[in-house]
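Let's walk through this model together, from the overall picture down to a group of aromatic rings.

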Amino acid sequence: MSAAKTLEKAAKPVKRTEIPANYKPSEKEPYMNPKQLEYFRQKLLAWRKELLEESMETLTHLKEENWNEPDINDRATVETDTALELRTRDRYRKLIAKIDSALKRIDDGEYGYCEETGEPIGLKRLEARPIATLTVSAQEKHEKFEEQYSDED
């Protein structure tokens with residue numbers, strides 16, 4: 001995309017579509033219509049907010065943690081629990097980046113379509129994994145390829 005086109009797109013506010021509170025995307029309507037896109041945008045934003053709130057709870061917990069446990073076993077338990085919590089939050093950080101990428105794809109009009117084949121990913125798959133970038137068959141090929149080459153190491 002050219003710089004001029006990027007600036008033009010950035011200057012235009014993204015139009016949001018109102019959806020009913022109980023709306024669920026349906027196979028009976030056109031794929032990735034404005035209602036579906038807004039549904040997935042809201043789903044992604046809610047998921048992102050939840051992950052950020054949990055990350056803030058971790059920060060608060062870490063600040064309040066007693067790091068000077070007199071008993072070595074208690075200290076080891078605190079350190080193990082903290083390491084596990086930090087690994088979980090690191091996964092959240094990576095997941096938030098994928099959510100942000102999916103939100104960008106919605107804004108760019110690319111959401112819901114396979115990055116490799118350009119085919120629709122499908123509502124059921126996106127409902128289960130709204131950050132999906134590949135169709136099921138493309139994902140399976142990708143995993144087989146990775147498995148094949150990771151076995152050679």
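The accessible surface of the chain comes to about 11,100 Å², and carbon and sulfur atoms contribute 53% of that; such areas come from the Shrake-Rupley method with a 1.4 Å probe, and for residues only the protein chains shown count as cover. Please keep in mind that this is a predicted model, where local features need pLDDT of at least 70 and side-chain atom pairs count only at pLDDT 80 or more, while totals for chains, interfaces and linings use all residues. Residues are numbered from 1 along each chain as its sequence is written, and side-chain values use heavy atoms, with hydrogens and water left out.

Of the 153 residues, 28% are buried (under 20% relative accessible area, with exposed over 50% and partly exposed in between, 1.4 Å probe, protein chains only).

Now for the rings: the structure holds four aromatic pairs (Phe, Tyr or Trp rings, the six-membered one for Trp, with centres within 6.5 Å; planes under 30 degrees apart are stacked, over 60 edge-to-face, the rest tilted). Tyrosine 23 and tyrosine 39 make an edge-to-face pair, 5.9 Å centre to centre with 70° between the planes. Tyrosine 23 sits in the loop between α1 (3-11) and α2 (34-64) and tyrosine 39 in helix α2, so this pair ties together parts 16 residues apart in sequence.

Phenylalanine 40 and tyrosine 111 have ring centres 5.6 Å apart and planes at 45°, so their pair is tilted. This one links distant parts of the chain, 71 residues apart: phenylalanine 40 in helix α2, and tyrosine 111 in the loop between α3 (72-108) and α4 (123-128). Phenylalanine 40 is buried at 0% relative accessible area, and tyrosine 111 is buried at 1%. Tyr23, Tyr39, Phe40 and Tyr111 form one aromatic cluster.

Methods
Helix = DSSP H or I, 4+ residues; strand = E, 2+ residues; numbered from the N terminus.
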